[in-house]
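Here are some notes for a colleague who is meeting this structure for the first time. Please read them with the model open beside the text.

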Amino acid sequence: MTRVSDSSPRHAPTPVTQLHAPALTQASYGSPRQVPDLVTYPPYGDYESDCPARMGVDLFGNSWLPVIVYMLRDGPMRPGELRTAIGGISQKMLTQTLRRMEQLTLVHRRRYAEAPPRVEYELTEAGRDLLGPIYALGEWVDKHGRAVNAALAGDAD
């Protein structure tokens, strides 16, 4: 990759002219949908900290974040409901991930003035937009997961 030396803003995406991926069917994820328009970004240095792609990879680097986004896809949930639905996540990790997601504006935390206090988390528009890549990753796993697992099992011998 090379650095951009012109005066254009580094983070302004340049839309690709009418480039659409084919419609994807969701075997286990719901109704068919269209993949959003693809965008290109000006070239960056090798994995610079302000590269837009790096931010996206960092979001998915937290293994619980995509799981929580997926679990909130149908509407708001209380933390206890989330923990039960996800399974295998500690209360501490759930709280840390939800706080981080709130900081990143992926979820909205709603606190109700009741006794005892009640809190719910709901996806924001940015959080709902993450469902597209999550569904796409699920489709990739449906298509290639067995081969990848077989290759990993072969390495274990």
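1. R118 and E114 form a salt bridge in which the closest N and O atoms are 3.3 Å apart, and it should be kept in mind throughout that the model is a predicted one. E114 counts as partly exposed, since its relative accessibility is 40%.

2. R118 also meets the side chain of E120 in a salt bridge, with an N to O distance of 3.2 Å. E120 is buried, because its relative accessible area of 14% falls under the 20% limit. Through shared partners, these salt bridges join E114, R118 and E120 into one network.

3. What else does R118 lie over? R118 is placed over the face of Y112, at 3.8 Å from the ring centre, so that the residue that bridges to E114 and to E120 also has an aromatic ring as a partner.

4. A further arginine deserves a look, namely R73, which lies over the face of Y70 at 3.9 Å from the ring centre and whose side chain meets that of D74 in a salt bridge of 4.0 Å, N to O. A reader may wish to note that this distance sits at the cut-off, which is 4 Å. R73 counts as partly exposed at 32% relative accessibility, whereas D74, at 69%, counts as exposed. In total, the structure has four salt bridges; side chains of opposite charge can pair when their charged atoms come close.

5. How many aromatic pairs does the structure hold? There is one, and it is formed by Y70 and Y135, whose ring centres are 6.2 Å apart and whose planes stand at 85 degrees, so the pair is edge-to-face. The pair links distant parts of the chain, with Y70 in helix α2 (residues 64-71) and Y135 in helix α6 (residues 131-156), 65 residues apart. Y70 counts as partly exposed at 22% relative accessibility, while Y135 is buried, with a relative accessible area of 13%.

6. As for the chain as a whole, its secondary structure consists of six helices and four strands, which follow one another along the sequence in the pattern β-β-α-α-α-α-β-β-α-α. Among contacts with a separation of 6 or more, 54% are between residues 24 or more positions apart.

Definitions and conventions:
Residues numbered from 1 in each chain as written. Predicted model: local features only at pLDDT ≥ 70, side-chain atom pairs only at ≥ 80, totals over all residues. Heavy atoms only, no water. Helix = DSSP H or I, 4+ residues; strand = E, 2+ residues; numbered from the N terminus. Contact = heavy atoms within 4.5 Å. Phe/Tyr/Trp six-rings, centres within 6.5 Å; stacked < 30°, edge-to-face > 60°. Buried < 20%, exposed > 50% of the residue type's maximum accessible area, 1.4 Å probe, protein only. Lys NZ or Arg CZ within 6 Å of the ring centre and 35° of its normal.
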